Amino acid sequence: MTSGELRLLILVLGLLFIAAVYLWERHKRTQKEIRKKREYAEAFDDPDVLGEQINELDMLVTQREKSIPYIQASDPEFEGIVSLEPEPSVVLDDHPGVSPGETAARAQRSDAILIISIASNKKFFSGDAIMSSLRALNLVPGPMDVFYRYDETQESILYTVASMVEPGTFPVDDMSRYMTSGLTLFGRLPAARPGSEIFSDMVESAQQLAAQLDGKLLDSQHQPMTEEKLDEMRQLAESYPAKQA
């Protein structure tokens, strides 16, 4: 074999090796994407996973709110909104003979969480579309890598917007390659504003996000949101006045 033939053989072998590496890496990326989509689908189909996720995020957000001041919005477009509403976690006492004031006082003794989910009609929301819609609604990114609606002082959280997929956070600095099957808005009551105001804000934000992203509203059990469910949540929210400072 001549030196020219040897060089040609080495070149061919090198090209074959590069092609093999490329195909292997492509195969791994494909398998990773398949696993990710499967995880998204599983999370979307299991309301219990969503409930656990919301409880964990709510606990972390509450702890964070008590320990540090929240980040001020640097963009004038970000001036406070955050979103969602879950199944009522408090049952109001409607027994005869109990005054509205007493009922409200009883409700105040326990926290409640409002939750609203938005599921994609096309399986997934893209990160860019999510970011654009949240910006349009002045929803603020902050601690825990989720989005918030603050009160007018920019110090207290009214409600939170998270991903429906565990762990619920967003890659805020790199949304272009992100996707999720849905969003969840949730807010703990009592809060810095009356529950009725927070509920109205959450519903309006959820409806606008659904319209902008081509999604549909769901309750905390991943069932289509109904007027009856919204009325039930509204009544619960109205029983919570603003939390005293």
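Is D201 buried, partly exposed or exposed? Select D201: at 21% relative accessibility, this residue counts as partly exposed. Here buried means under 20% relative accessible area and exposed over 50%, with partly exposed in between (1.4 Å probe, protein chains only).

Before going on, note that this is a predicted model, in which local features need pLDDT of at least 70, side-chain atom pairs count only at pLDDT 80 or more, and totals for chains, interfaces and linings use all residues. Residues are numbered from 1 along each chain as its sequence is written, and side-chain values use heavy atoms, with hydrogens and water left out.

**Stop 1: D201 and R149**

A salt bridge is a side-chain nitrogen of Lys or Arg within 4 Å of a carboxyl oxygen of Asp or Glu. D201 lies in helix α5 (residues 195-213) and R149 in strand β4 (residues 146-150), so the pair ties together parts that are 52 residues apart in sequence. Helices (H or I, at least four residues) and strands (E, at least two) are DSSP runs, numbered from the N terminus. R149 is buried, at 8% relative accessible area. Side chains of opposite charge can pair when their charged atoms come close. A search of the whole structure finds 8 salt bridges.

**Stop 2: K229 and E232**

Select helix α6 (residues 227-238), where K229 and E232 sit 3 residues apart, about one helical turn. Their side chains form a salt bridge of 3.7 Å, N to O. K229 counts as buried at 9% relative accessibility, while E232 is partly exposed at 41%.

Which residues join E152 in one network? Salt bridges that share partners link E152 with R193 and E197.

**Stop 3: R193 and E197**

Select R193 and E197, whose side chains meet in a salt bridge of 3.1 Å, N to O. R193 is partly exposed at 26% relative accessibility, and E197 is partly exposed at 39%.

**Stop 4: helix α4**

Select residues 127-136, which make up helix α4; its buried residues are G127, I130, M131, S133 and L134. Looking down the axis of α4, these residues fall within an arc of 165°, so they line one face of the helix. The arc is that of the directions from the helix axis to the C-beta atoms.

Now show what covers them: the cover includes β2 (125-126), β4, β5 (157-163), β6 (179-180), β7 (182-189) and α5. Finish at N138, which follows α4 and has a positive phi, near 60°.

Terms used. Contact means heavy atoms within 4.5 Å.
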